[in-house]
Structure formats: C-alpha cells, structure tokens
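Please look through the model below with two topics in mind, an open space in the protein and the contact between chains. The text that follows takes them in that order.

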Amino acid sequence: MADVYDLLILGGGPGGLAAGIYGARAKLKTGIIEKGKPGGQAATTEELENYPGFGPGTTGSGLTKAMADHAAQFGADFIKDTVAALDLTGSPKKVKGKKGEYLAKAVIFALGAEPRMLGVPGEGKLRGKGVSYCATCDADLFTELDVIVVGSGDAAIEEAEYLTRFAENVTIIVIHEEGKVDANKVSAERAFQDPRLNWKWNSIVKSINGDELVESVTLKNIKTGTEEEFSTNGVFIFIGTQPKTELLQGIVELSPQGYVLTNKKMETNLEGVFAAGDCCDKYLRQVVTATADGAIAAFAAEKYIRETELWEKEVLTPQHPVLVAFYNPTDMAGTEKVGIIDKFMQGKDNLSLVKVDATRNELVKKRYRLDTGKLPVVYLFQQGEVKASLEDINMKKIQELVK
Amino acid sequence: MIAVNKENFEQEVLQADGVVMVDWWGPKCEHCMELMPSVEELAGKYQGRLKFCSVDTSGNRRLAISQKVLGLPAILFYKDGQKIGELAGQEIQPEDIEATIKQYAK
Ligand SMILES: Cc1cc2nc3c(=O)[nH]c(=O)nc-3n(C[C@H](O)[C@H](O)[C@H](O)COP(=O)(O)OP(=O)(O)OC[C@H]3O[C@@H](n4cnc5c(N)ncnc54)[C@H](O)[C@@H]3O)c2cc1C
C-alpha cells in the first residue's frame, strides 16, 4: 500500500502552495498534487501588484515560484500528477491520479478555476489560432497585429493594457453602456486615460471567424441590434472563470454555480475535507485571499488530524472498554460531576477514562452529534463503538453503565 | 533537438526526410517552459526515429504565423513539407506528446 500522507493538497496554485507552507511547517507529512507547473492562474499574469508587500514590478510567475520554493523548503512533497477521481468518505482518504493513487488523513481541495469560454461559433476551432485566454503566454505573437479583448473585469482591463505593449491595436469589447466597466475604479480610470486602448460599448461577440487563423469577429450591438464584421487577428477572452469542482460533484456540497461551500475554517461538509482558493464560494477571488484560505485550511486540517489521531489511539483502538466524559470547562457544577467518575476509576485497571472538552473538540461534536447544551455526558466505548451513554452522572449509574 | 529559426526552417523542417516534430515555444509561456524538459527527454528517447526541432517564437514571430501558430505551446508534426499533425493549447501533457510521437516514429 502507498504511504499515507497526513495532508494532501490538490492543486498547486497560490491557495494550495500556502496550505503546503503551513502544513509542512506544522510538521505534517504534506504532499501537493499539481498537474503542471506550480503557480496556477496567478503564474499566467505578468503584472501582479496587489499582493501585500510585493508592489509594482512583481510578476505572477515570480511570486508564485517563491511560494513554491517556500513550501518545498519546509518539506512539502511536490507530486506531479493529474487528479482524476476522489474517494473521500472513508479513512484514509483516497485520491486517484492519472499516474498513481495517494492516501491521506486529510485533504485540501484547491484546484482553482479555469477561464470561462464565450461559447460562440469558431471559439473552439480557433483556439491557439488567435483565440487565447492567456495574454502573457501569447502576447508576443501578436506584435504588430490587431487584437480584441472580450470582457471588462479586472483581468480583462489589466491584460488589455499589457497587450498594448505588443499589439498594434487593442479594442475592448464591453457589453455595458459607454463608460461602464466591471473592473475596479483605479484600473478603469487608468484604462480610460490610456490612448492605446479602443472601446466598443454595448457589444457582444456573436462568432469568431476564420479558416486557419482568426480573421474577424461578428459583433452585435445589443442596443441597436446591428451586427458588424470586425477584423482582428486575435481574440483574448476574459469573461470570468468557472470553478474546477466536477470531481467533487455528489461528494461535498457545492453552490448552484459549482463553488465549494465551506465554513470559516474552510471545512466542507465532509469530515477531513477542506477547500481553499478560487474554487470556493467566496466574495473576492485574488491571490491574497487564496493564500489566506490555504493557511486557514491547513491550520484546521492539522487540528483535525491531531484530534483524530488522539481519538483513534485513546478511544477507538484499545481492547478494553473506555469511558469518555464530555464536559464544558466553564460549567462548574458539571465539571464536579466528572470528578465522580475520577473517583469511580480508582483501582480499575481494565478500563480507561478520557476527558474531552466538548466545547473545543469539533471532531467528536460532529461525529457523535453531541448536544453541547446537555453536558457533561459519559459514553462507554468498546472496540471503537459507543455501547451506552449517561447524562445524569452519579456513582450508581456509572457502576451500572460499565457492568 | 535542433533550434530552428526563420533562416533554416525551410531546410531543417520542410525539406527534411521523414517526420519532423517542431516544438514552438516562447520564454513567457510558462507551460512551454514546463514541458521543455519532457520534450527534450522524448527527443533523446526517440532519437533517430523522428527529427526533433524547436522554435523560439519570440524571435520568429512571422515564421510562427506563417505556420499558423498563434498560441503556445504548439507541437507540430511535418512530413515532406506538409503539416500532418498538431497538438496545441494549455492542456498539453507529456503523455499526449509521446502518444503522438509513437504514432509517427519509424
Ligand atoms: C489573467 C489573470 C490575472 C489575474 N491578476 C491577478 C492580480 O493581479 N492579483 C491577484 O491577486 N489575483 C489575480 N488573478 C487571480 C488569481 O490568479 C487567482 O485568484 C489565484 O490564482 C487563485 O489561486 P488558487 O490556488 O485558488 O487556484 P489556481 O490559481 O487556479 O490554481 C489551481 C491549480 O490546480 C491545478 N490543477 C487543476 N486541476 C488539476 C488536476 N485535476 N490535477 C492536478 N492539478 C490540477 C492547476 O494546474 C493550478 O496550478 C488573476 C487571474 C487571471 C486569470
């Protein structure tokens, strides 16, 4: 059987890399499965100037390379493989890649997002023939040529500006009224001042035309209904992204748009399965929020792993019966009752007692559906299973419970 | 791997005997740089059964466009001056390249 990782991180974008740094530094045996080069979408943008502490001049590939080196330095393993299937309900959790199968105690899902396609005729056929979703990758090739940029969000506007360094003419196709874009105000104002950018308002692309290479697009003015053929050599599409969460369908809860639903600890609804970065249902999808998610997810995963290990060792695996007393440390009367069990334990060698602060241990609270309003409570475990429980603790009842 | 440019493309690729694989790449194309070690390894493994060339598109833009390459990475296969096969796009993996090489290797 393959080695079992403590923590397996799926995806080596900023979210996964930050999780790797935190996981490995916490001395968890940590693996990051990435199909390509680490860095994710952030590595595909030339200018990345809003990551705190790294201002103008920072490149997406440089910043993410530093993150990957950082994770490797703390001892995270980089596994080059494509995640193909997941079996996350049991323990250990199984991750099937194209090349191998990997096992882990906890998993952080961070496969990020991919560009959304326009879905118009010609787009698929002319991909790599003028249709592009990555300005940094392809901008060079369009030197002295004409390009259009479709979209008006932050990525569209910033990549359009980058393209002006190469292309002869850059025209941005915007669906909104003149002067209205989806990008943030600072970027938008800078772009409006940029004489190298041309704008087509109220417009959508109906088709991308060309035989072997892109020759033109058909634009439709949604206000007037008129269509025009607009010649161009390149079509750069930045109309948002869609989460890469197909593998989680039916396994964890997703939003109607397919984003992973998590709580503040980046936990999914499945025990030991966390998510981080652009694949999550969240308000702002940026490098800084992806890395923050990754840090939280790894921290929560560590706690989960330690709690599970302790629970396994002290409660589930012993051959003898185990009493588990769940208590609330702020409840004095309740805590005193736990003292009765301590007294009961004196002289018993084929029995052990484990006390759990139920207000802090998330794992048992969830697994055993504990009602924290009804503490303290005692469970009797035998061979890993709950045999009986007791709410109203007194000496006589405990004696009966264990009998 | 033979580094080919606009001067010798005709001779090294179009006039060559047998099948020629050309890896079109650019220094800014992360995925190209990522694939490169694997491509070089494949070139070693299948040496003599196929000819392997690469073009840095950053200095050979017109050449790329003349070969209908307007997106990277692109891996093209030629025989007798004709394009006979093509892999393109961000999703290309080393396994895909090897599978296509096997198809054309003598
Ligand atoms: C053009 C562009 C410009 C941007 N500019 C900025 C900016 O200036 N500032 C900013 O803060 N943010 C910017 N962003 C957003 C930022 O890049 C993302 O928010 C961030 O990369 C999300 O990180 P992530 O780790 O969640 O996912 P991703 O970056 O999407 O990483 C996911 C990783 O998972 C890998 N993967 C996917 N599927 C599999 C699989 N099946 N098996 C194995 N590995 C897999 C991918 O290869 C990828 O490396 C930009 C995005 C784009 C597209």
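How much space lies in the second largest pocket? In this predicted model, the second largest pocket holds about 370 Å³ of space. Its lining is made up of 19 residues, and those that lie nearest the centre of the pocket are A:Ala18, A:Ile21, A:Tyr22, A:Tyr51 and A:His70. Three helices of chain A, namely helix H1 (14–25), helix H2 (60–73) and helix H6 (287–316), each supply at least two residues of this lining, and the largest share, six residues, comes from H6(A). Sorted by class, the lining residues of the second largest pocket comprise 14 nonpolar, three polar and two charged ones.

We turn now to the interface. The contact between the chains draws 24 residues from chain A and 21 residues from chain B. Together, chain A and chain B bury about 2300 Å², with 52% of that area on carbon and sulfur atoms; on the side of chain A, the residues that lose the most area to chain B are A:Lys37, A:Leu141 and A:Leu213, which together account for 26% of what that side buries.

Charged and polar pairs can be followed across the same interface. Five salt bridges are found between chain A and chain B, and in one salt bridge A:Glu144 pairs with B:Arg61, where the closest N and O atoms are 3.7 Å apart. The count of residue pairs in polar contact between the two chains, with both residues at pLDDT 80 or more, is 10. Helix H3 (residues 135–138) of chain A gives the largest share of the side of chain A that touches chain B, three residues, and by class that side has seven nonpolar, seven polar and 10 charged residues.

Methods: Residues numbered from 1 in each chain as written. Chains lettered and ligands numbered in written order. Predicted model: local features only at pLDDT ≥ 70, side-chain atom pairs only at ≥ 80, totals over all residues. Heavy atoms only, no water. Contact = heavy atoms within 4.5 Å. Buried area = accessible area lost by both parts, 1.4 Å probe. Salt bridge = Lys/Arg side-chain N within 4 Å of Asp/Glu carboxyl O. Polar contact = N/O pair within 3.5 Å; in protein donor to acceptor, adjacent residues only side chain to side chain. Helix = DSSP H or I, 4+ residues; strand = E, 2+ residues; numbered from the N terminus. Nonpolar A, V, L, I, M, F, W, Y, C, P; charged D, E, K, R; others polar. 1 Å grid on protein atoms, 1.4 Å probe; cavity = no way out; pocket = protein on both sides within 12 Å on 5 of 7 lines; lining within 4 Å. Points joined across faces, edges and corners; volume = space filled by probe spheres on them.
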